[in-house]
Amino acid sequence: MKNKKLITAYFTLLLLSGQMAMAKDVANTTTNSEPATSSTSSSGTSNSSSSEKTSSSSEKTSSSTSKSTSSSSKKETSTSKTSTSSTKAKEEEKGTDAVNVGKEEAPDYTKPSGYVEPPVIDENQTDDVFQSTLYTTLEEYYKKTYQEIQVRKLDADEAIKAEKGVFAEFETFFNGKKENLNQKLAPYKYLLDAISKEEQKLLELQKSFYAQLVLNKELFSSDVLFLLHSKDDVKKRKAEQMMKDELDKYLLSNPITLTSSQVRIDLEVAREKIDELSKRYEKETAPFNPEKRGMALLREELLSRRKRVSDKEADRNRINQDEDALLRKVVASKSIKGEFQWPLKTLDLVSNYGYRPEEPIEGVGTFHNGVDLVTPTGTPVYAAMAGVVYTASRNNISGNYIILRHANGYYSYYAHLSVLHVKQGQVVDIGQEIAKSGSTGASTGPHLHFGLAKGVWVDFVNPIDVMPKENDKTQNEKLQQAEKKVTKEQLEQARRDMSILTSEEVPDGYRLAVEAPR
C-alpha cells in the first residue's frame, strides 16, 4: 500500500513536470514561431521530418521515464528531471527540433558608415495602412538623412577651418626658422649653386648618351626619351629616374667600347666633382647640423599638418558626394516604386527554388523555399525593394537573417548573413545596404539565401518568377540605372525641395516637386 502511494505521488510529480515543460515550450514556440518555420524551410527540412524527430524525442523521454520507475521516489524524481533536461540538450545540440531551431539569439549588428537612425513603423500594420504610410515614412527618412548631411557639412567646415588655422600658425613658425637658418648658411650658398650646376651638366650628359643608345637600338625606351622633354614636372622627374636606372643597368651589363669609353669617363668625372663639392659643403656647414636636423623634423611635421588639412577637405568632398547620392536616390526611386531588384550586384545562382533530391547538410530530399546565390563573405546585401524590417534575428539554421515587408504584399528573406545593418521596425529603401553576406547557420559555404513569400514563413514563391531575369543586367540594378538618368536640373530641383522641406517653415502641403527620370 505504501509503495502504491509512492508510485501515485511519483506519477503526479511527473505529470506536473511534463505540463510545466510543455507550457514553457509552447511559450517559446509562440514567441519565435516565424523563425522556427524559417529555419525548417531554409534548410530544406519538411514538416513531416520535424514531426517524426519530435515524436522520436518524446518516445525517448517516455522510455527513460518508464525505466526509472523501479527506483525509489526521490531517485526517480531526480532521474526524471535529469532525463528531461538531457533530452532537450540533445535536441538543441542536433538542431532538428522545430522549437529549438527557432530559438532566437542576438544577431551580429553593426552600424554602416554614414549611418542615420531610420524611422520606425509598426511592421504588423494592416496592408492598407502599411501601404499608405511606407512611402510617406520614406520621405521622412530622406528628410532626416538630408538634415544629418547638412549637420555633417557644417561640422566638416568647422574642422577644416580649425585645421587650416593650426597649419597656418605652424607654417609661419616654420618659415621663420627656415629664414633664420638660411641667413646663417648664406655664405655657403655658392657651393650649393656649384653643385646644382654640375648636376645639370651630368643630367645633360646622361640624356645625350641615352638618346644615342636608343638611336643605335641598344635601348628601346623611346617613351622615356619623349617624356624627358615633357612640360609636366612630375612626369619629367619620373622619366629622368627611369633613364638613370636604365643607364646604370646598361653600363653594368655591357662591355666598354670605343664609343662608350669617353662617355663613361665624362660621367664619372661629373659624379666625382659633385661628390667633392657636396663633401666640402657638409664640412663647412657642420656647425649648423643640429639646426638642419631640427628643420628636417619641422618639415616632416609641416607635411603632416598639411596632410591633415587635405584629409579634412577630402572628408568634406565625401559628404558632398553623399548628399548628391541621396538626392539622386530620392529622384530615381520615384520611378521604380513597386519593382524588385536583386539583392546582390552580381548573380551566381547555385541552388534553385523547389524540391531538392539531396539536401546539402542532411543529404536527404527537402523543399528549398528560395534560391542560393554564391558570393564571398562580406559582400554587401541590398534591399530588393523599399519596405520595413519585419525581423532581424538569428537562429542555428538560417544564421543571421532578415525579413523585409513590402507594400506590394510580398516579404523578402535574406539568410546566412555575416553582419546585419538594420533592426526590427526600421524603414529601408530599395538598394539600401542592409547586411553583409556570410555563411552563418546551417551552411556549406559563403552564399546568400534569398526568398520571396506572400506571408510570414508561408506561401513562398519562386523568386525567379518575380525578380528581373538573371541575364538582364539593366534590370538587375534598377535603382542604379534610374540614378544614371537623373539630370543636373533634377538634382538641383531635388536639392531645393529638400532645403524647403527641412526648413523651419514648410509651406502647407509642399511635397517633392522634382519629376522622376524617364
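This is a predicted model: local features need pLDDT of at least 70, side-chain atom pairs count only at pLDDT 80 or more; totals for chains, interfaces and linings use all residues.
**View 1. A salt bridge between lysine 184 and glutamate 291.** Let's start with a pair that joins two helices. The side chains of lysine 184 and glutamate 291 meet here, with N and O 2.9 Å from each other. Lysine 184 belongs to helix α6 (residues 127-185) and glutamate 291 to helix α11 (residues 289-333), so their pairing ties together parts that lie 107 residues apart in sequence. Lysine 184 is partly exposed, at 32% relative accessibility, and glutamate 291 is partly exposed too, with a relative accessible area of 31%.

**View 2. Arginine 308 and glutamate 301 form a salt bridge.** In this pair, the closest N and O atoms are 3.4 Å apart. Arginine 308 is partly exposed, with a relative accessibility of 35%.

**View 3. Arginine 495 meets glutamate 492 within helix α15.** The N to O distance in this salt bridge is 3.3 Å. Because the two residues are 3 residues apart in helix α15 (residues 488-501), about one helical turn separates them. Is arginine 495 buried or exposed? Arginine 495 counts as buried, at 19% relative accessibility, since the cut-off for buried is under 20%. Glutamate 492, in contrast, is partly exposed at 36%.

**View 4. A network of salt bridges takes in Arg495 and Glu492.** Now look beyond the pair of the previous view. Which residues are linked in this network? They are Lys153, Glu323, Asp324, Glu492 and Arg495. For the overall picture, the structure holds 21 salt bridges.

Definitions and conventions
Residues are numbered from 1 along each chain as its sequence is written. Side-chain values use heavy atoms; hydrogens and water are left out. A salt bridge is a side-chain nitrogen of Lys or Arg within 4 Å of a carboxyl oxygen of Asp or Glu. Helices (H or I, at least four residues) and strands (E, at least two) are DSSP runs, numbered from the N terminus. Buried means under 20% relative accessible area, exposed over 50%, partly exposed in between (1.4 Å probe, protein chains only).
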